[in-house]
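The exercises below ask you to read a protein model step by step. Try each task on the structure before reading its solution.

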Amino acid sequence: MTDLTSLNHWLPAEQGPWHLDFERWPQAQAQRWRAVLAVGANGNAVLLAEREADLMLLQSAEARLQQPIAWKRCEPVAIEHWLGAGEADFRALSDVEDDAGLLGDSGGAATEELSALRLSEQASPVVRLLNALLYDALQDGASDVHIECTARGAVVRLRIDGVMSTVRQVEGAAVAEQLVSRLKVMAELDIGERRLPQDGRFKLRVQGREIDFRLSIMPSVFGEDAVVRVLDRARIEQSQGQLTLDALGFDGEERAAIRALARQPHGMLLVTGPTGSGKTTTLYATLAEIHTGQDKIITIEDPVEYQLAGVVQIPVNEKKGLTFSRGLRSILRHDPDRVMVGEIRDAETAQIAVQAALTGHLVFSTVHANNAFDVIGRFMHMGLDLYNVVSALNAVLAQRLLRLNCSHCSRTWHPPAELLDRHGLRDEGQFKRGEGCGHCRGSGYRGRRAVAELLKLDDGLRDLIAARAPMSQIKEAARSRGMRSLRMMALQSVVRGETSFEELERVTLED
């Protein structure tokens, strides 16, 4: 009787032995597309699937593996068998003696290994499912994993390139509850508390590197929703190579201005924007460029997202009493030349940062605001003396991340006349739009770049701000000095064919 589940039944024996590869083609990906990856002795790769060849999926797989892949349609019973075998083999190595010792913040604790090859044989289906979700999120370069409870179970969504996409439906309210409970155990949260929000963190080791995860639990109508923020320090370096301002996509004029500001002897450079807009990465790139070993650079962050050689980096630990404000006070007694504060969250931290900038230190920090001008309002709301703030402040950089048109499927496009008129343009640009392909997961976009507006303060602007002049007057004065708005910078990217009008509208507001 023919064994339909044998790889040799479907694939050439002379190219074998064949094996299923769930490391490069993750279990969650295989389950989603009902297709498994088989690799032969000579390295040839074949996708075994239930349906006829899917060109988009094939292109996506080839882009992921960076090699040609063949396609083979197989009986559903064989696919089901191989998927079951892969799920059984999807085990994460754990040398942790304590079952709950997965957390990286406890001193000397081991960190669980997350691998597509192993998950402990005692692990429950819920643990395997959660590990598959996290592993797939890392493979896809997701920044956040959302588990949203519904009446029938849960919906799992990933934020990739700043945009949400649904990847899985989890059937069963009990399974959804167990998923959230498992996350709570990993982050050492109270699994019995289901009525209040909770926050925590944990670490996993993937392919030899430690990855931090921040967990937020929020009660909802159907149970508890969970959001896991992925903080993959090594991915920044792998994707960008050397971390520099050039790699982040700033144009030449902005790069030159940021580098000049980063070499000032004292003062403050603030980077602002919404969560996930690349503020901290910009500061890391700036510090990496100016660090020559001649200055003492100290950072305080929550958490340390990227390790910089030769820089003293301090992680915030609020449970132990090490807050931004307390850490910053201690840093100033540690003889620094340049200081980076991960985020200015409160008036005390802002006051200390301003005083540090006024007493001969160069301070870098981030603050949440919609644009460069709103930062002034934030400091006023905190009750700081405006004269001291403007005396300390050298510049404010407000930035966003724009998705770029996919280089594989973007085509020349002629926008309608009314759209061009609304933006004050003529049909003379290199307008392009992505059509969607396997390389971009059908979205039409692949990769992102930073766009920014830079507000540099001079004596005239400082006088206007300290005198509490109307914001319209301050904006007009800044623009007369050559400041270009976020909208203007993003519009230039549209004209060059780098992104679309839809992305422009999604990311920036009209001036």
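The model is predicted, so local features need pLDDT of at least 70 and side-chain atom pairs count only at pLDDT 80 or more, while totals for chains, interfaces and linings use all residues. Residues are numbered from 1 along each chain as its sequence is written, and side-chain values use heavy atoms, with hydrogens and water left out.

**Exercise 1. Overview**

Find how many helices and strands the chain has, and what percentage of its residues count as buried.

Step 1. Helices (H or I, at least four residues) and strands (E, at least two) are DSSP runs, numbered from the N terminus. The chain has 19 helices and 20 strands.

Step 2. Buried means under 20% relative accessible area, with a 1.4 Å probe and protein chains only. Of the 511 residues, 50% are buried.

**Exercise 2. The nonpolar cores**

Identify the residues that touch the most other members of the largest nonpolar core.

Step 1. A nonpolar core is a set of buried Ala, Val, Leu, Ile, Met, Phe, Trp, Tyr and Cys residues joined through side-chain atoms within 4.5 Å.

Step 2. The largest core has 59 residues, and those touching the most other members are Met268, Leu270, Phe379, Leu455 and Phe501. Helix H12 (residues 347-358) gives the largest share, six residues.

Step 3. Apart from this core lies another, of 35 residues, including Val126, Cys149, Leu204 and Ile211.

**Exercise 3. A helix pair**

Determine how H16 and H17 are oriented to each other, and which residues meet.

Step 1. The axes of H16 (residues 459-466) and H17 (residues 471-480) come within 10 Å and cross at roughly 175°. Axes are lines fitted to C-alpha atoms over the stretch in contact, and angles run from 0 to 180 degrees between N-to-C directions.

Step 2. Angles over 145 degrees count as roughly antiparallel, and H16 and H17 are therefore roughly antiparallel.

Step 3. Contact means heavy atoms within 4.5 Å. Leu461, Leu464 and Ile465 of H16 meet Gln473, Ile474, Ala477 and Ala478 of H17.

Key: Parallel < 35°, antiparallel > 145°, perpendicular 65-115°, else oblique.
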